Structure formats: structure tokens, C-alpha cells
Amino acid sequence: LSGDTYEIRVRNSDGTCIVTNPDITLIDKVQPVITLVDPTSPSNCGVNDGEIEITATGVSLEYSIDGGTNWQSATTFSGLAAGTYNVFVKNADESCVTPYTPNPVIITAPNAPSITNVFSSDPTSCGLADGTITIAATGGQGTYQFSIDNGTTWTNTTGSFTGLAEGIYQVMVRNTDESCE
């Protein structure tokens, strides 16, 4: 039977002795509708601070981002790593499971650059500061920032450092947006 109000009556097969019971109302379940899934990617390489926020219509809903294996009543999933997530919503009474039609939802971390080569030339004479370091990098996103003091300062966007005295230099690269050191 579908949702409706039903009058309950019982009688003998010859039509005599009619007994009336109070009406019974059956209520249809309401299928949840996912109206928005808002993913936020992790802020940096190796950081698990991504989120997925789900907006849905319905009453007393539960939400899942792992294809329906685990459910929660909160609409936001936090602390997420980059990855692929399958969003579902259901009524809290376990009825009417609704998948997000564009599944899967993919959140991505920034791309990390990597150093491909480091070229250097020593100072030409004792006490001179005319040495050089040139750092070549690939990958990442956009342009890069370079450091030769283990990330204490990021003063160069070309990868070329000149006027260097003898010493030990620790080279690093990161995206210009300061992600993925």
C-alpha cells in the first residue's frame, strides 16, 4: 500500500455485523535529494585538511562519503586526504538511500615540485663571494620559489643564486603559492 488513510471495516461474508476500527494512516517515505556537494581540497601536500560538505533535502538524514559503508548525521566530513569519495544520503531509518549522481567526488592536493638538478660553481678565490647555485625543478603548479637555507627564506623565483661565499647550502623548492615545500 502507498501512503494514504485507510478505513478499516470488517463484516461477515453475508454483510452482517460490521465492525469499525479507527482509520490507519500510512506515510510514504520521502526520498532525500542531494542539492549540493561542496568539496574543499587539502591546503598542502601531505596534509589531510580537505572537506566535503553535503546539502540535501529531507527529514532526519544521514550522510556517507564511502559508498554507504559508514554513515554520520553531520553534513560535513573533515580531515580528508586527497582522494576519491562516493557520496550517499539516506533517511535515518535506513530507507531511501540516494547516491550523488555525479559520483565520485575527487579532492586533490596541490602538485609538489621536485628538484631535477642543482648546478654550482665555487668561489674563484679565497675570501671571494662569487660562487653560484642554479636549481632546476619540474612538476608542481605554476611557478616556483627557491631557498638555499633549508626554507628559512624564499627569496628567489628563478632558481639562480649568485654572489655566494664558500659554505654549505641546503636547497629547496616550493610552489609560488607556498605549498609543497
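Two strands are taken to pair if DSSP finds at least two bridges between them. Helices (H or I, at least four residues) and strands (E, at least two) are DSSP runs, numbered from the N terminus. The structure is a predicted model, in which local features need pLDDT of at least 70 and side-chain atom pairs count only at pLDDT 80 or more, whereas totals for chains, interfaces and linings use all residues. Residues are numbered from 1 along each chain as its sequence is written, and side-chain values use heavy atoms, with hydrogens and water left out.

By these criteria, strand E3 and strand E4 (residues 50-57) are antiparallel and share seven bridges. Within this pair, isoleucine 34 stands opposite alanine 56 of E4. Both strands belong to an open, antiparallel sheet of three strands, ordered E3-E4-E6. Its edges are formed by strand E3 (33-40) and strand E6 (76-80), each of which pairs on one side only. From one strand to the next, the twist averages 10 degrees; axes are lines fitted to C-alpha atoms, for helices over the stretch in contact, and angles run from 0 to 180 degrees between N-to-C directions.

Leucine 80 is located in edge strand E6. This residue counts as buried because its relative accessibility is 9%, where buried means under 20% relative accessible area, exposed over 50% and partly exposed in between (1.4 Å probe, protein chains only). The C-alpha atom of leucine 80 lies 4.9 Å from that of asparagine 48, although 32 residues separate the two along the chain. With residues up to four places away in sequence not counted, the contacts of leucine 80 (heavy atoms within 4.5 Å) include Asn48, Ile52, Ile65, Tyr85 and Ile107.

A further open sheet consists of three strands in the order E11-E12-E14, again with antiparallel pairing. Strand E11 (113-121) and strand E14 (160-164) are its edge strands, each pairing on one side only. The twist here averages 15 degrees from one strand to the next. E11 is joined to strand E12 (residues 131-139) by eight bridges, the two running antiparallel, and proline 113 stands opposite glycine 139 in E12.

Glutamine 145 is part of strand E13 (residues 144-147) and counts as buried, because its relative accessibility is 14%. Its side chain makes a polar contact of 2.7 Å with the side chain of arginine 174. A polar contact is a pair of N or O atoms within 3.5 Å; within protein, one must be able to donate a hydrogen and the other to accept it, and residues adjacent in sequence count only if both atoms are side-chain atoms. Apart from residues up to four places away in sequence, glutamine 145 also touches, among others, Trp154, Met172 and Glu178.
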